[in-house]
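The points below are meant to be read beside the model.

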Amino acid sequence: MMQPLSSPDRQNAGLDLAAALAAFEPITLDALEGSDANLLDRTETKFLMTADRFVQILPDLGDAYRVLEIEGARQGRYETEYYDTDGFLTYLQHHNGRATRYKLRFRHYLSSDTTFLEVKEKRNTGRTVKKRLETDGLPELSDPGPGTFLAESFPYDAGAFHPVLLTAYDRITLVARDHAERLTFDLNLTFDNGTESRSYPKVVIGEIKHDRALRRSPAMTALGRAGVRKTGFSKYCIGVSLLYTGLKHNRFKRNLLFLEKLSSEGRGVC
């Protein structure tokens with residue numbers, strides 16, 4: 001387990017982030033969900049960076065993006081519980097490079113106190129399609145609502161799936177002003193499997209969600225100028241690789257090493 005930030009460092013990092021976010025014009029959740037940037041069917045590009053590099057990049061994005069604000073907060077806490085089989089079917093789909101693969105999860109949005117059962121499908125076209133059902137807490141997958149939803153959206157027997165990983169993080173969401181693009185930045189990431197946990201307060205996972213492959217966008221330009229390069233990264237697969245050491249993880253070894261490298265650099269944000 002990594003050493004936590006000292007109190008002065010955490011306070012300074014938090015102040016830096018708050019000041020950077022204060023410069024953005026806000027957008028409401030209703031406005032986002034009603035816009036082209038909602039993007040449940042999309043192309044994704046992911047980035048890893050240190051937390052202090054992220055804070056340095058933010059001022060370059062203020063003219064092109066608005067920040068999601070919910071009840072005055074510009075960071076939202078997310079908790080996502082991933083389900084898999086005893087043999088880790090969906091993890092191995094990804095590890096083995098299967099072109100079409102799935103993730104099954106419950107996601108709880110603490111800012112709005114809502115929970116969704118989600119099926120995330122990565123298609124062989126490179127697009128990601130997310131289907132979701134709002135639920136009351138964490139029902140059984142076999143309950144009537146989830147059962148019907150999964151029968152229509154998930155190609156496997158949901159009865160064979162059970163919780164294997166919890167991820168928790170703070171998310172900042174930026175929405176492009178003039179095209180269908182949304183940015184998410186996940187901070188203070190923790191992985192937990194019920195017996196062990198790993199935390200990464202000094203790493204930020206960025207993701208650009210867009211309706212088609214973009215050669216350029218203001219975010220890509222700013223990230224490239226800062227020396228941040230795109231990289232494939234699955235929070236689920238990395239969390240499983242870290243906490244279930246008996247599973248093969250050769251495909252993710254480069255990202256695991258990069259994650260540890262970044263976690264030893266910079267300072268965290270809170």
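The numbered points that follow take the pockets, then the cavity, then the cores.

1. Please keep in mind that this is a predicted model.

2. The largest pocket holds about 690 Å³ of space. Its lining is made up of 30 residues, and those nearest the centre are Lys 46, His 94, Arg 101, Phe 233 and Ser 234. Two or more lining residues come from each of strands S2 (41-50), S5 (101-109), S6 (114-122), S7 (128-135) and S11 (203-210), and from each of helices H7 (235-243) and H8 (253-263). Strand S5 gives the largest share, with five residues.

3. What classes of residue make up the lining of the largest pocket? It has 17 charged residues, eight polar and five nonpolar.

4. The second largest pocket contains about 450 Å³ of space. It is lined by 30 residues, with Leu 29, Leu 32, Leu 68, Tyr 78 and Tyr 109 closest to its centre. The elements that contribute two or more residues here are helix H2 (29-33) and strands S4 (76-84), S5, S6, S7, S8 (162-176) and S9 (181-192). By class, this lining has 11 nonpolar, 11 charged and eight polar residues.

5. The structure has one cavity of 30 Å³ or more, and the space in this largest cavity is about 30 Å³. Lys 46, Asp 186, Ile 205, Gly 206, Glu 207, Phe 233 and Lys 235 line the cavity. Strand S11 supplies three of these residues, the largest share. The cavity lining divides into four charged, two nonpolar and one polar residue.

6. Nonpolar side chains tend to be buried together in soluble globular proteins. Here the largest nonpolar core has 28 residues, and the members that touch the most others are Met 49, Phe 54, Leu 58, Leu 61, Tyr 65, Leu 174 and Phe 185. At least two core residues come from each of helices H1 (7-22), H3 (51-57) and H6 (218-225), and from each of strands S2, S3 (65-68), S8, S9 and S11.

7. Which residues does Leu 58 contact beyond its neighbours within four places in sequence? They are Leu 17, Ala 20, Leu 21, Phe 24 and Leu 174.

8. Another core, of 27 residues, lies apart from the largest one, and its members include Tyr 109, Val 164, Ile 238 and Leu 262. Tyr 109 is also one of the residues closest to the centre of the second largest pocket.

Technical notes. Residues numbered from 1 in each chain as written. Predicted model: local features only at pLDDT ≥ 70, side-chain atom pairs only at ≥ 80, totals over all residues. Heavy atoms only, no water. 1 Å grid on protein atoms, 1.4 Å probe; cavity = no way out; pocket = protein on both sides within 12 Å on 5 of 7 lines; lining within 4 Å. Points joined across faces, edges and corners; volume = space filled by probe spheres on them. Helix = DSSP H or I, 4+ residues; strand = E, 2+ residues; numbered from the N terminus. Nonpolar A, V, L, I, M, F, W, Y, C, P; charged D, E, K, R; others polar. Core = buried A, V, L, I, M, F, W, Y, C linked by side-chain atoms within 4.5 Å. Buried < 20%, exposed > 50% of the residue type's maximum accessible area, 1.4 Å probe, protein only. Contact = heavy atoms within 4.5 Å.
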